[in-house]
Amino acid sequence: MHKLDERDIQILVILQKEGRITKTALAEKLNLSLTPSWDRLQRLEEAGIIESYGARLSSSFLDNFHLVITEVELESHKQGQFARFEEAILGFDEVLSCWSVGGGLDYILKVLVKDVTGYQEFIKRVLKADIGMRRYFSYAVLNKIKDTDVIPEGLIKKSDLVKRSLT
């Protein structure tokens, strides 16, 4: 397994903020020549630490939609129920994220819809699909206080993949 050193961590921090950075600019920020910089990047990709690259849509674009957090409890915890729900939920475009959780419920969904009517239609389709949902609770997001997928450098350094001399 690939162990991260300080330069690897720098690459991860930079790429999370500047996913379209050129290889040359990345090498300059790392104070490395192009080839070693590129080799490190490729190793991080091959190790599966860097999964993909993508664009984040602007807040002004997303203001055209409504975000709803939905808690889901299944009817049963019998064998196959979780897999049935999970497989089905993957087919709903409105579901941006689905987390299996412990505690009093089974799943938390992050659902993006055009408006309240769109959410009602989404829920009707989920219920009609008969995927074992006992009940659900909906929470309209009024304001995003913090919403990021960027992993801060301090947390990256706490990973078991970091060389111990860095911690």
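Helices α2 and α3 are roughly perpendicular to each other in this predicted model. They pack at an angle of about 100 degrees. Their axes lie 9 Å apart. On the α2 side, the contact is made by Lys23, Thr24, Leu26, Ala27 and Leu30. On the α3 side, Leu34, Ser37, Trp38 and Leu41 take part. By class, the residues of this contact divide into six nonpolar, two polar and one charged.

Helix α1 also packs against α3. The angle between α1 and α3 is about 80 degrees, and their axes are 10 Å apart. An angle of 65 to 115 degrees counts as roughly perpendicular, so α1 and α3 are roughly perpendicular to each other. Five residues of α1 are listed here: Arg7, Asp8, Ile11, Leu12 and Leu15. They meet Ser37, Arg40, Leu41 and Leu44 in α3. The contact of α1 with α3 comprises five nonpolar residues, one polar residue and three charged residues.

The remaining pairing described here joins α1 to α2. Helix α1 spans residues 6–17, and helix α2 spans residues 23–30. These two helices pack at an angle of about 130 degrees, with their axes 10 Å apart. They are therefore oblique to each other. The crossing of α1 past α2 is right-handed. In α1, the residues involved are Arg7, Gln10, Ile11 and Ile14. In α2, their partners are Leu26, Lys29 and Leu30. Four nonpolar, one polar and two charged residues make up the contact of α1 with α2.

Serine 76 lies in the loop between β1 (66–74) and α5 (81–89). Its relative accessibility is 19%, so serine 76 counts as buried. A polar atom of the serine 76 side chain lies 2.9 Å from the backbone nitrogen of lysine 78.

Serine 52 sits in another loop, between α3 (34–46) and α4 (59–62). With a relative accessible area of 53%, serine 52 is exposed. Serine 52 is 71 residues from isoleucine 123 in sequence. In space, the C-alpha atoms of serine 52 and isoleucine 123 are 31 Å apart.

Conventions:
Residues numbered from 1 in each chain as written. Predicted model: local features only at pLDDT ≥ 70, side-chain atom pairs only at ≥ 80, totals over all residues. Heavy atoms only, no water. Axes fitted to C-alpha atoms, helices over the stretch in contact; angles between N-to-C directions. Helix = DSSP H or I, 4+ residues; strand = E, 2+ residues; numbered from the N terminus. Parallel < 35°, antiparallel > 145°, perpendicular 65-115°, else oblique. Left-handed = near helix turned anticlockwise from the far one by under 90°. Contact = heavy atoms within 4.5 Å. Nonpolar A, V, L, I, M, F, W, Y, C, P; charged D, E, K, R; others polar. Buried < 20%, exposed > 50% of the residue type's maximum accessible area, 1.4 Å probe, protein only. Polar contact = N/O pair within 3.5 Å; in protein donor to acceptor, adjacent residues only side chain to side chain.
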